[in-house]
Amino acid sequence: MAEITNLDFDRQQRTGYPETVFGEGKTADQIIDIMRQFTQQGQTVLGTRITASKAKLVKRQLPNLCYFPIARCLVNGALPTEVTPTTIAIVTAGTSDLSVAEEAAVTAKVFGNQIERVYDVGVAGIHRLFAKLDAIRQAKVVIVAAGMDGAFASVVGGLVASPVIALPTSVGYGSSYHGLSALLTMLNSCAEGVTVVNIDNGFGAAYAASVMNHLKG
């Protein structure tokens with residue numbers, strides 16, 4: 001596969017974070033080749049958007065890899081044992097946002113962060129959020145995953161002092177336009193300190209949150 005891949009073995013040294021492979025659009029054989037080369041280099045690599053059927057083929061050749069089915073993530077090597085003293089809270093509006101939120105959770109853990117999951121506490125039953133608010137407020141960074149109308153990110157943004165990363169998901173009925181409605185709502189949030197990533201981009205949300213969470217002071 002060397003003729004179609006140009007692997008970046010210096011990424012972790014350069015940026016502090018391991019290489020990530022976007023699995024969508026790649027064959028199992030291509031993922032095997034990439035993962036094997038990083039394993040031979042003694043480096044961790046994170047694979048995202050890898051279906052269970054594709055992961056099964058990969059693990060036949062590389063059985064020591066760990067697959068997270070809800071997140072659709074594949075990791076070679078063990079997760080870091082040294083984690084940040086501060087926390088990233090990953091908060092979802094609904095259970096349907098779980099896959100995207102878990103992509104963020106696995107990414108954050110691979111990047112050495114302590115995380116706090118707070119799931120299914122959206123605006124349809126806002127009392128659920130208030131019951132978990134103390135735990136969310138203790139986090140250094142908060143990721144808020146929501147589809148439908150996307151209003152949940154503004155609600156959380158108005159209740160916490162930490163930076164909020166709004167993560168729109170493609171959950172919703174027809175006029176949600178596969179997450180576009182949530183994205184536009186979040187971009188137009190009136191709550192201060194809300195930053196927005198692309199639709200379903202749990203990886204991107206977690207990467208940004210990790211950079212913030214690792215800042216000293």
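Me: Is methionine 148 buried, exposed or partly exposed?
Reply: In this predicted model, local features need pLDDT of at least 70, side-chain atom pairs count only at pLDDT 80 or more, and totals for chains, interfaces and linings use all residues. Residues are numbered from 1 along each chain as its sequence is written, and side-chain values use heavy atoms, without hydrogens and water. Buried means under 20% relative accessible area and exposed over 50%, with partly exposed in between (1.4 Å probe, protein chains only). The relative accessibility of methionine 148 is 42%, so this residue counts as partly exposed.

Me: Which loop holds methionine 148?
Reply: Methionine 148 is not a glycine, yet its phi is positive, at about 50 degrees. Helices (H or I, at least four residues) and strands (E, at least two) are DSSP runs, numbered from the N terminus. Methionine 148 sits in the loop between strand E7 (141–146) and helix H6 (152–157).

Me: Is aspartate 200 buried or exposed?
Reply: Aspartate 200 lies in the loop between strand E9 (194–196) and helix H8 (202–213). Its phi is also positive, near 65 degrees, in a residue other than glycine. With a relative accessible area of 16%, aspartate 200 is buried.
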